[in-house]
Amino acid sequence: MTPYLFILPTAILVLSVAIYPMLYALRISFYRSELLAIGRFVGLGNYRALFQDPTTAWNFAASGIFVLGSVALSLGLGLLLAILLNERLMFRALFRAWILIPWVVSQVVAALVWRWLVNADYGPVAVALLDLGLPRIDLLGDRHLAMFTLILANTWRSVAFPMVLFLAALQGIPENLYRAARVDGISRWLTFRCVTLPLIKPVVLVAAIILTLSYFNIIALPLVLTGGGPLQATELVSLRLYREAFAYYHVGLASAIAILMFLANMALTLFYLRFMRARGRA
Amino acid sequence: MRSLERTGIYLFLTGVCAVLFLPIAWVVVTSLKPEGQIYLFPPRWLPSPPTPDHYVQVWQSSMPRYFFNSLLVATLTIVLTLAVAMLAGYAVSRFRFRGKNLFLFLLMVSHMMPGVANLVPIYLLASRLGLLDTYLVLILVYSMWQTPLVVWLIQGFLESVPLSLDHAAMVDGYSRLGALFRVVLPLSRPGLAASAIIVFVYAWNEYIIALTLTSTDEMRLVQVGLRYYISQFGIQWGELTAAVVLSIVPVIVVFLLLQRWFIYGMTSGALKG
């Protein structure tokens, strides 16, 4: 009985409240909406409309590129920084706190500042590049560069999150394991692969899942930084959802997108869990 | 470690910090510029002379009240989230029980729904319960949103605390809860500190829920307040950047306070003998 008592508060707090919005969205996704009112029942009509619209596939693909790039970059950089900042260094606390700062800036403000910085005409970055004799570069005007800039800004904003987690996980590793490895003359790389990585794997997995879900559902940063442009290049599926709901008031269609995103997120999470478990056994 | 390697690490870290800080540096510089120098072209790199005007303006606005609200909500969210999630995280990492994996998975399911899709139903629910425009509703919704993450995190961290320590504590006469609070939690302090920081940053930065669930000026949080400097007709960059700089300070303070909990090699002593 004990474990059930321990999880009861969480179950009440989370599941009871989280289930309701989900069922609500599921129901609305079967209706046509007229402005903010719920119209007539259309069955799978909203879903059919989405599948017949070629931009839907691109929205998901753009999200895929964005999520994959951001997760890879922030997990890699976060782990590297955590390992370095776990060493006994001078100014260690200062470095740690410093890296935290971008994480604290809200998405809207981060996007506004980045848009100003990289503006091709009056942004400080562009002006500095011109001063150095480099050609004019429009980071937000080119399809590929815009996606790249978006991923970079997103990583900049969120890399502290995995870093903090990995740092805490590294602190939990008993030091005598490292001492033993050193005594046995095992190389640093091998120690990392065979001691550190397996021990922090549960935390890496959790970080990967949390980051994937939050990147997939991101709205404010891309909305303000690129607005989905140029030419839909960064029109992530989350932005499409936002637009359908709050710009065109297609609440039924937006709910259908939300349900599709929900399914995609679930598939991704299951994939991570399966992948990590399979790797653990090998 | 060899000194060459050390120098390399310092150079790398300084470089990363510099690049990460560049956009923030622009924010700081802008906040100190006199109004007329903010929009100059080509841009002026340093303010001459630097002026605290924008900070004074922010301080004289409603911002201090928003800071107080945000601090209160964020702190209570940490307390509620950690209290609830600690129990569940412990249960999940220490007991075998039916439905355990299902429970963990269902927790994450709440995060698979895009946040905006939750907005309307949560608003309707809150208004039906008469909780709109209160601290309580913000704390409840934020805790609801963060608890799944923290349960997963704590469970991940507890996995690395050896089970033998629980047994030793219980042999010594502690109850389950006693073992949790006296032995296991102190050892997972880095994980708890990290979770507290993550919850704090979330609550401090959250914008859309705070905007939707509050309506009076006395209840607004910092991020909603920042939006007042951004309008359709333009952005008041001076005040906005000053307010952003001020909004960074509390998080740094909280981090520096909690970072004492990130103590090196803590379990090594517990496992000896």
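Q: What makes two residues of this predicted model count as being in contact?
A: Their C-beta atoms, placed from the backbone, must lie within 7 Å. On that criterion, the contact between the chains takes 78 residues from chain B and 75 residues from chain A.

Q: How do the residues of the side of chain B that touches chain A divide into nonpolar, polar and charged?
A: That side holds 61 nonpolar residues, 15 polar and two charged. Leu, Phe and Met are among the residue types that count as nonpolar, whereas Asp, Glu, Lys and Arg count as charged.

Q: Why are B:Phe103, B:Leu107 and B:Met108 called buried?
A: A residue is buried if 20 or more other C-beta atoms lie within 10 Å of its own. These three residues of helix H4 (residues 100-109) of chain B are buried, and therefore each meets that threshold.

Q: What makes the buried residues of H4(B) line one face of the helix?
A: Seen down the helix axis, they fall within an arc of 135 degrees, so they line one face. The face turned away from this buried side carries B:Asn101 and B:Leu102, which are exposed.

Q: What share of each chain is buried?
A: In chain B, buried residues make up 45% of the 273 residues; in chain A, they make up 44% of the 282 residues.

Q: How many helices and strands does each chain have?
A: Chain B comes to 13 helices and two strands, and chain A likewise has 13 helices and two strands.

Conventions
Residues numbered from 1 in each chain as written. Chains lettered and ligands numbered in written order. Predicted model: local features only at pLDDT ≥ 70, side-chain atom pairs only at ≥ 80, totals over all residues. Contact = placed C-beta atoms within 7 Å. Helix = DSSP H or I, 4+ residues; strand = E, 2+ residues; numbered from the N terminus. Buried ≥ 20, exposed ≤ 12 C-beta atoms within 10 Å, placed from the backbone. Arc of directions from axis to C-beta.
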